[in-house]
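Here is a briefing on one structure.

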Amino acid sequence: MSGDNKKIIYSAMQPSGIPSLGNYLGALKNWKNLQDEYNCIFAAANMHAITVRQDPTELRQRTRDLIALFLSIGLDPEKHIIYVQSDVKAHAEIAWILNCFTYMGELNRMTQFKDKSAKHADNINAGLYTYPVLMAGDILLYQSDLVPVGADQKQHLEICRDIAGRFNSVYGNVFKIPDPYIPKAGARIMGLQNPEKKMSKSESDNMNNVIYILDEPNVIKNKIKRAVTDSDAEVRYGEDKPGISNLLNIYSSVTGKSPEESEAEFKGFGYGEFKEAVGEAVVKELEPIQSKFKEYSADRAYVEKVMKEGAEKAAYIAQKTLSKVKKKVGFPVYK
Ligand code: TRP
């Protein structure tokens, strides 16, 4: 990982449920493609996950499953770093220090905090509030150049840049200021039943709204068959056709074809045939991942080895930044 001039990309996903097709097309698939050009660090953000109440056994299992899934989509733990956030102590340590460089006024503006406190009104804990600070620490510990973020995390990356800039202006150049990484291609995938809203893994009100990466092929096909469309019966993009546009986007994303190509391909198709083709394309993309996942998740020893080795590599880098930070703020330095 060291010794070359490649930039560092950092990203993380919370182990809070099986990732959706939206998570896959919007994030994971891109992560895989970043591996040639960048030095990548990918984490399971389980410390973020406990800002809402979790079942401990399930959380532990999901964390291992998320690492197994990273491996299944082709993230390479030999060339890159794949690890679990809580395995690297530096995250907790830097989060405290950065808390002291973050204003409540800044945190009060975070829209995700406002949304989540409305949703979990019985558990508006301080962790939920300082969540963006923990996230800033993730990114800054590794001197990351770039962070791929979706629209919902943009504000968190901005506050990360502000915190880093503030710290640097007091103590000199301690942190690299990260830039957002905007993928060249990749559409926002919307819900199948509610195509006005992002397809989200935590959106469990309607089972048919979300495709999960590990859904059985016939389940995937059925969900797509039931996707909301419109009464116009023409397969084309249109602002008045959010359901069909979303299915076209899904098709383009999984096949790698351009939106225009995909639209042309289905000219004259009925909705039934079109949905069938989309279903097949999605199944074709996910099946190899699912069979790899079966293998990896059956080999707990291997997955845990990846986790342990990843944590060691991550801790080595994180520690360097953390030591510098502790020295700067005036904590003891021993000879
Ligand atoms: N908060 C992010 C999410 O829920 C996950 C995350 C944690 C993250 N730390 C990060 C993403 C650092 C990018 C960089 O999607």
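Helices here are DSSP runs of H or I with at least four residues, strands are runs of E with at least two, and both are numbered from the N terminus. The model is predicted.

**Ligand shell**
- Twelve names make up the surroundings of the ligand: Tyr10, Ser11, Ala12, Gln14, Ala45, His48, Tyr131, Met135, Asp138, Ile139, Val147 and Gln153.
- By class, the shell holds seven nonpolar residues, four polar ones and one charged.
- Helix 7 is the top contributor, with four residues.
- Strand 1 (8-13) and helix 7 each provide at least two residues of the shell.

**Polar contacts and cover**
- The side chain of Gln14 places an N or O atom 3.0 Å from an oxygen atom of the ligand.
- For Tyr131, a side-chain N or O atom sits 2.6 Å from a nitrogen atom of the ligand.
- Gln153 has a polar side-chain atom 3.2 Å from a nitrogen atom of the ligand.
- On its own, the ligand has 360 Å² of accessible area, and the protein covers 89% of this.

**Positive phi in loops**
- Gln143 is not a glycine, yet its phi is positive, at about 50°.
- Gln143 belongs to the loop that links helix 7 (126-141) to strand 4 (146-148).
- Ala233 also is not a glycine, and its phi is positive, at about 65°.
- The loop between helix 9 (217-225) and helix 10 (242-255) contains Ala233.
- Is Ala233 buried or exposed? Ala233 is exposed, because its relative accessible area is 53%, and exposed means over 50%.

Note on methods:
Residues numbered from 1 in each chain as written. Predicted model: local features only at pLDDT ≥ 70, side-chain atom pairs only at ≥ 80, totals over all residues. Heavy atoms only, no water. Buried < 20%, exposed > 50% of the residue type's maximum accessible area, 1.4 Å probe, protein only. Near = heavy atom within 4 Å. Polar contact = N/O pair within 3.5 Å; in protein donor to acceptor, adjacent residues only side chain to side chain. Areas by Shrake-Rupley, 256 points an atom, 1.4 Å probe, with all protein chains shown as cover. Nonpolar A, V, L, I, M, F, W, Y, C, P; charged D, E, K, R; others polar.
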